[in-house]
Protein chains: 2
Amino acid sequence: MQELALGIDIGGTNTAFGIVNRRGAIIAKGSVPTTGHASVQHYIAALKSAVLPLAEKEGLDHFAGAGIGAPNGNFFTGEIVFAPNMPWREIIPMAKLVSDALGMKATLTNDANAAAVGEMMYGAAKGMKDFIVVTLGTGLGSGFVANGDVVYGHDGFAGELGHVIAIRDGRKCGCGRLGCLETYASATGIVRSADEWLAVRNEDSLLRKHTGKITAKAIHDAALQGDALALELFAYTGKILGQTLADAIAITSPEAIIFFGGLANAGDLLFTHVQHHMEENLLNIYKGKVQLLQSALPDADAAILGASALAW
Amino acid sequence: MQELALGIDIGGTNTAFGIVNRRGAIIAKGSVPTTGHASVQHYIAALKSAVLPLAEKEGLDHFAGAGIGAPNGNFFTGEIVFAPNMPWREIIPMAKLVSDALGMKATLTNDANAAAVGEMMYGAAKGMKDFIVVTLGTGLGSGFVANGDVVYGHDGFAGELGHVIAIRDGRKCGCGRLGCLETYASATGIVRSADEWLAVRNEDSLLRKHTGKITAKAIHDAALQGDALALELFAYTGKILGQTLADAIAITSPEAIIFFGGLANAGDLLFTHVQHHMEENLLNIYKGKVQLLQSALPDADAAILGASALAW
């Protein structure tokens with residue numbers, strides 16, 4: 001009777017969790033801050049006291065286990081490894097800590113792989129065996145599924161499309177290298193493009209009237225009002241993303257690429273360009289065959305659903 | 001008692017075949033020309049009359065089936081699809097034709113995927129679940145294995161690393177696009193580099209004394225004699241291959257990359273540079289973890305062994 005799973009999405013600021021049934025309905029949820037704890041033990045204690053009462057109410061023996069999505073999470077070891085935006089900069093055996101605290105099996109992977117499992121189980125990839133999930137948030141994450149299984153690689157670290165070199169000797173990336181895809185195609189990337197262009201170009205733009213630091217949302221809003229520079233920023237971002245996706249397609253030949261995350265909400269503003277430049281750069285045998293889809297999971301709950309799907 | 005398999009390697013010039021046991025020993029072999037037949041039916045008839053007597057001698061009921069490796073072979077459909085170097089330019093249902101002719105199950109895939117299955121079953125990838133096979137011949141072929149299975153993609157066409165863009169707006173490729181990896185990193189690619197360099201540079205080189213068209217073998221021979229230009233050609237080829245492999249590793253995180261084919265015989269002349277530039281371009285989490293290996297299958301028989309492994 002293990003018809004429930006716990007989904008835990010560990011973000012840089014907040015940790016969201018939910019109790020999910022096999023059809024992908026969230027029957028209870030909550031959250032705790034990820035930051036502000038004296039140690040990872042204090043964080044686990046806070047998570048436990050928020051989660052356990054809800055789980056006990058459903059009956060702990062009804063749970064198949066807990067699934068955890070986290071940046072730099074490793075499926076094989078259950079560890080979070082040097083995650084750059086986490087309060088803990090070392091290696092944290094998070095699956096074991098959660099398992100011990102909650103008294104149930106816990107499985108961990110990175111947030112994009114969790115999203116891929118969620119899309120396959122509940123979302124836009126239902127019935128697909130070969131697809132890619134791309135998360136366009138602060139960075140660019142990806143989960144590759146081949147033959148119906150997440151491609152973890154030999155060490156659990158596969159699926160770093162955000163760190164494929166999109167432009168050789170291009171922008172400096174947080175990883176220390178130059179030209180990584182995520183320095184262009186992410187919320188942070190499009191803002192960098194805007195900042196660079198506004199500094200060297202002269203045309204008028206709504207973005208010049210923006211107060212405070214330019215954000216991806218400000219660019220989106222300006223584009224919706226027909227601002228030429230903002231529209232061009234989406235075209236440029238879409239071009240680089242489309243070109244790089246064409247190369248990834250030559251490796252795994254997916255049926256679909258499913259987009260997720262803040263910047264993906266720009267919809268056609270971005271994806272008409274992604275589609276155009278992807279098709280233009282595809283080898284003939286792949287042309288017209290790869291669907292670009294938006295995530296079918298509700299935005300606020302998708303990460304919880306994705307994480308929970310790991311538990312089955 | 002199905003302890004035998006038939007391996008058929010269809011090349012542009014010759015078709016080699018062999019009867020292989022489960023340990024990977026070839027107990028009988030032969031070949032027929034691929035070209036010079038009036039039609040594909042005549043080719044199949046020639047193949048049948050060469051293969052069938054050998055197979056019947058072992059007893060047809062001892063065969064698990066036939067495995068076929070062919071350029072542009074599709075695992076899902078059993079077809080050879082518009083193969084550029086084949087006598088038949090249309091779509092050929094080769095698996096069905098062979099199966100009907102020989103009276104046994106036949107499975108087809110492209111030659112690089114067949115090599116990957118062969119390495120996993122009998123060669124350098126025994127026991128590995130995540131690796132890449134790269135064939136460096138006239139072109140550059142690749143087979144990706146993840147979670148112990150060949151990545152065929154949704155349509156059977158995955159694994160075209162040779163058509164990942166290595167240099168944007170670079171050399172014209174036979175596929176019609178610009179800058180594909182195989183226009184640089186293949187026997188043909190290194191010869192193009194040599195021709196380009198000899199035309200615009202002035203230094204002396206053994207290659208200038210070469211009579212007739214420069215070949216990959218001539219470059220190899222010159223490099224073995226310490227010719228600076230030839231050595232630099234291997235360094236350049238290795239740099240482009242290493243850079244592009246680093247991007248592929250970010251997608252599938254393999255334990256090893258196994259090289260195969262004529263140009264791979266250059267050994268350290270090429271692979272010290274591949275290794276150096278691959279490591280230099282890897283994201284930190286992958287550094288020092290990916291082995292570069294030479295195929296462990298005997299050169300002349302590797303394609304037959306790879307094809308036969310499909311039958312099991």
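# Sheets, helix packing and the chain contact

Q: Which residue is the bridge partner of B:Ile258 in S12(B)?
A: In S12(B), the residue bridged to B:Ile258 is B:Leu293. The model is a predicted one. Strand S11 of chain B, residues 256-260, pairs with S12(B) in the parallel sense over four bridges. For B:Ile258, the partner in S12(B) is B:Leu293.

Q: Which strands are the edge strands of the open sheet of chain B?
A: The open sheet has five strands with mixed pairing, in the order S10-S9-S8-S11-S12 of chain B. An edge strand here pairs on one side only, and this holds for the two ends of that order. The edge strands of chain B are strand S10 (149-150) and strand S12 (291-294).

Q: What angle does the direction of helix H3 of chain B make with that of S9(B)?
A: Helix H3 of chain B, residues 111-122, packs on the sheet and touches strand S8 (131-136), strand S9 (140-146), S10 and S11 of chain B. Relative to S9(B), the direction of H3 of chain B makes an angle of about 45°.

Q: Are H1(B) and H2(B) parallel, perpendicular or oblique to each other?
A: Helix H1 of chain B (residues 40-58) packs against helix H2 of chain B (residues 94-102) with axes 10 Å apart and an angle of about 50°. Because roughly parallel needs under 35 degrees and roughly perpendicular needs 65 to 115, this angle makes H1(B) relative to H2(B) oblique.

Q: How many charged residues are in the contact of H1(B) with H2(B)?
A: H1(B) contributes B:Ile44, B:Leu47, B:Lys48, B:Val51, B:Leu52 and B:Ala55, while H2(B) contributes B:Leu97, B:Ala101 and B:Leu102. By class, the contact has eight nonpolar residues and no polar ones, and the number of charged residues is one.

Q: Why is H3(A) described as roughly perpendicular to H8(A), and at what angle do their axes cross?
A: The axes of helix H3 of chain A (residues 111-122) and helix H8 of chain A (residues 302-309) come within 7 Å.

Q: How many polar residues are in the contact of H3(A) with H8(A)?
A: Residues from H3(A) include A:Asp111, A:Ala114 and A:Gly118, and residues from H8(A) include A:Ala302, A:Leu305 and A:Gly306. The contact has ten nonpolar residues and one charged, and its polar residues number two.

Q: Which residue of S4(A) is the bridge partner of A:Leu6?
A: Strand S1 of chain A (residues 4-10) and strand S4 of chain A (residues 63-69) pair in the parallel sense over five bridges. In S4(A), the partner of A:Leu6 is A:Ala66.

Q: At what angle to S3(A) does helix H1 of chain A run?
A: Helix H1 of chain A, residues 40-58, lies across S1, strand S2 (14-21), S3 and S4 of chain A. Its angle to S3(A) is about 165°.

Q: Which element supplies the largest share of the side of chain A that touches chain B?
A: In the chain contact, 33 residues of chain A meet 33 residues of chain B. Strand S9 (140-146) and helix H6 (228-252) of chain A each supply at least two residues of this side. The largest share is five residues, and they come from H6(A).

Key: Residues are numbered from 1 along each chain as its sequence is written. Chains are lettered from A and ligands numbered from 1 in the order in which they are written. This is a predicted model: local features need pLDDT of at least 70, side-chain atom pairs count only at pLDDT 80 or more; totals for chains, interfaces and linings use all residues. Two strands pair if DSSP finds at least two bridges between them. Two residues are in contact if their C-beta atoms, placed from the backbone, lie within 7 Å. Axes are lines fitted to C-alpha atoms, for helices over the stretch in contact, and angles run from 0 to 180 degrees between N-to-C directions. Angles under 35 degrees count as roughly parallel, over 145 as roughly antiparallel, 65 to 115 as roughly perpendicular and the rest as oblique. Ala, Val, Leu, Ile, Met, Phe, Trp, Tyr, Cys and Pro count as nonpolar, Asp, Glu, Lys and Arg as charged, and the others, Gly among them, as polar.
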